[in-house]
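Subject: Structure handover and findings

Dear colleague,

Please find below the structure that I am handing over to you. My notes on what was found in it follow directly after.

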Amino acid sequence: MDVEIRGVVLLDPEDPPTTQPGELVLVIGARGRAAYPALRAAGRGGAAGVVVKLDGPGQAAALGEIAVEAGVALLSLRSEARWEQVNALARAALDDALPGHPGEGAEEGDLFSLAQTTAILTSGIVSIEDAAHRVLAYSRSTDSDEIDDLRRRSILGWQGPEAYLATLREWGVFQHLHSSDEVISIDSHPELGIRRRLAVAIRSGDRQLGTIWVQEGSTPLSERSGQALLGAARVAALHLVRHRRELSEGLTLTRTLLAGLLEGNTGPQPLATHLGFDATRPAAVLGFSYGTTEEVVAVPELTHTEVTNLVSVHIAARHRSALVTQVDTRIYVLLPQLPRSIDIDTLRGWGQEITDAARRHLGLPLRGSVGCVVSGLGDVPKSRREVDRILDAMLGADVPTEVAALPDIQAEVLISEVLTLLSAHPEIRDPRLTALVAHDSRHQGRLAETVLTYLNSFGDVRAAAAQLHVHPNTLRYRIRRAEELTGLELSRPDQRLLAMLQLRLPPAD
């Protein structure tokens with residue numbers, strides 16, 4: 001079982017029984033002795049494994065012996081499972097695992113990733129079905145005792161059992177899903193092997209594309225499960241439409257136009273025309289980051305996908321027209337067609353819900369920023385620039401909030417930009433302060449740190465000494481020593497101001 005799988009292949013009995021190294025071979029239409037040639041060919045070709053269906057329990061031992069002789073792993077499949085679904089499942093898992101095939105995020109990624117994200121947000125067990133009740137994807141569960149009989153039989157057969165489907169029809173569940181966008185709650189029925197679950201329709205316009213089901217496991221569903229499920233259904237609609245190839249080119253165009261609008265390289269009308277937006281309605285941009293470039297690179301690719309999915313699900317529940325994209329190391333949310341009464345507090349609250357969920361479910365300390373609300377799509381680049389200004393400042397300053405708008409941290413943003421300017425222009429720095437930092441570097445000293453702490457404490461020696469965990473006399477000595485070495489006069493306001501700014505610069509490489 002430690003063999004690497006490099007691809008998936010369907011093998012029909014009428015095809016020549018040839019395979020390639022590392023392939024997982026799905027043997028269609030050949031059971032029992034009829035599967036022997038495929039097993040032997042798989043062994044000769046270096047296949048990773050062979051999947052067959054069994055007619056009865058007696059076949060397993062005989063097929064197992066052939067597999068051992070051939071030197072290939074053998075997997076058996078229940079007779080009611082659908083080959084096309086198994087093929088899709090295997091390929092989706094392989095795409096997620098192979099290097100160079102990272103998860104693509106909420107708009108582009110696979111349904112299994114979305115199902116897992118929804119399970120995390122709801123504390124439940126999720127399955128996604130198409131309009132014919134065929135299971136397309138489901139979340140992982142580490143405890144088989146959590147899964148009720150309905151889910152178990154649906155997953156194993158890739159379709160809801162007809163007896164259960166008839167019961168749900170009798171209760172009016174499907175009629176509700178067909179006619180409403182609202183989340184429906186179904187009580188537990190122990191006598192039928194059914195635990196409590198929530199369901200919501202996946203829609204594209206007036207057409208129902210499928211359903212998302214969330215089953216309650218050993219722990220109660222989270223308080224905001226309904227909201228998370230609404231967002232997941234809107235994101236899932238993008239997946240199902242893409243898989244039907246109805247808007248595959250349209251989705252690519254959407255991403256291109258969105259990136260162009262955020263960057264200011266494309267005007268608002270192409271995106272508005274493409275998606276039917278009113279370009280004159282208010283809009284805003286939210287931004288999220290979970291570290292510096294180096295920190296983001298160190299995060300596993302799966303986590304990138306989970307974060308984008310989480311943002312997409314939460315924001316879709318709040319604003320149907322929201323668009324989510326990742327640019328470099330940051331995730332941006334475009335909120336077009338906002339109500340004219342929208343305010344920054346509401347948007348800050350939406351951002352806070354997302355950062356809370358990321359910390360609670362993914363263990364990631366997301367930082368969020370709220371760009372200004374602009375009068376129309378044409379001013380979206382202004383809102384995006386404000387988002388970046390805030391995130392830049394939050395990365396370099398001790399900001400006592402996870403989500404901020406510009407009025408919240410105006411001073412921190414301006415100081416950050418002044419420091420960026422100072423860093424880019426060495427000619428406007430005081431060489432005496434540069435020499436002080438260099439002296440500390442050579443002698444492993446703390447004079448520059450002491451001066452900055454002293455100035456940040458408004459010259460309060462005892463407060464600065466306590467912060468540095470030194471005696472007040474030690475602090476006084478260090479201040480005198482710094483002045484002697486550099487010729488600084490910290491009694492002069494202009495030199496104090498310059499020192500407070502320049503000593504905040506990061507150390508040179």
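Ser289 is buried, at 2% relative accessibility, where buried means under 20% relative accessible area, exposed means over 50% and partly exposed lies in between, with a 1.4 Å probe and protein chains only. The residue belongs to strand β10 (residues 284-289); helices (H or I, at least four residues) and strands (E, at least two) are DSSP runs, numbered from the N terminus. Leaving aside residues up to four places away in sequence, Ser289 touches Thr329, Arg330, Pro365, Leu366, Arg367 and Leu391, a contact being heavy atoms within 4.5 Å.

Please note that this is a predicted model, in which local features need pLDDT of at least 70 and side-chain atom pairs count only at pLDDT 80 or more, while totals for chains, interfaces and linings use all residues. Residues are numbered from 1 along each chain as its sequence is written, and side-chain values use heavy atoms, with hydrogens and water left out.

Val399 is located in the loop between α14 (380-396) and β14 (403-405) and is buried, with a relative accessible area of 5%. Its C-alpha lies 7.9 Å from that of Glu412, and the two residues are 13 apart in sequence.

Salt bridges

The count of salt bridges is 17, a salt bridge being a side-chain nitrogen of Lys or Arg within 4 Å of a carboxyl oxygen of Asp or Glu. Glu263, Arg330, Arg384, Asp388 and Asp392 are linked in a network of such bridges. Within this group, Arg384 pairs with Glu263, their closest N and O atoms being 3.4 Å apart. Arg384 lies in helix α14 and Glu263 in helix α9 (residues 248-263), so this bridge ties together parts 121 residues apart in sequence. Arg384 is buried, with a relative accessible area of 8%, whereas Glu263 is partly exposed, at 44%. The charged end of Arg384 also sits over the ring of Tyr332, 4.4 Å from its centre; the criterion is NZ of Lys or CZ of Arg within 6 Å of the ring centre and within 35 degrees of the ring normal.

The side chains of Asp388 and Arg330 form a further salt bridge, at 3.0 Å from N to O. Asp388 is in helix α14 and Arg330 in strand β12 (residues 330-335), so the pair connects parts 58 residues apart in sequence. Both partners are buried: Asp388 has a relative accessible area of 16% and Arg330 one of 11%.

A salt bridge also joins Arg224 and Glu353, at 3.8 Å from N to O. This pair links distant parts of the chain, 129 residues apart: Arg224 is in the loop between β9 (207-215) and α8 (225-243), and Glu353 is in helix α13 (residues 344-362). Arg224 is partly exposed, at 44% relative accessibility, while Glu353 is buried, at 10%.

Aromatic pairs

The whole structure contains 2 aromatic pairs. Rings of Phe, Tyr and Trp (its six-membered ring) pair if their centres lie within 6.5 Å; planes under 30 degrees apart count as stacked, over 60 as edge-to-face and the rest as tilted. Phe112 and Tyr138 have ring centres 5.8 Å apart and planes at 70°, so they are edge-to-face. Phe112 is in helix α4 (residues 111-122) and Tyr138 in strand β6 (residues 135-138), 26 residues apart. Phe112 is buried, with a relative accessible area of 17%, and Tyr138 is partly exposed, at 22% relative accessibility. Phe174 and Trp213 are likewise edge-to-face, because their ring centres are 6.4 Å apart and their planes are at 85°. Phe174 lies in helix α7 (residues 173-179) and Trp213 in strand β9, and both residues are buried.

An open sheet of 4 strands has the order β1-β2-β3-β4 with parallel pairing, two strands being paired if DSSP finds at least two bridges between them. Its edge strands are β1 (7-11) and β4 (73-77), each of which pairs on one side only. Strand β3 (residues 49-53) is joined to β4 by 5 bridges, and Gly49 stands opposite Ala73 in β4. The buried residues of helix α1 (residues 36-45) are Tyr36, Ala38, Leu39, Ala41, Ala42 and Gly45; they pack against β1, β2 (23-27), β3, α2 (59-70) and β4. Just after α1, Gly46 takes a positive phi of about 75°.

Yours sincerely
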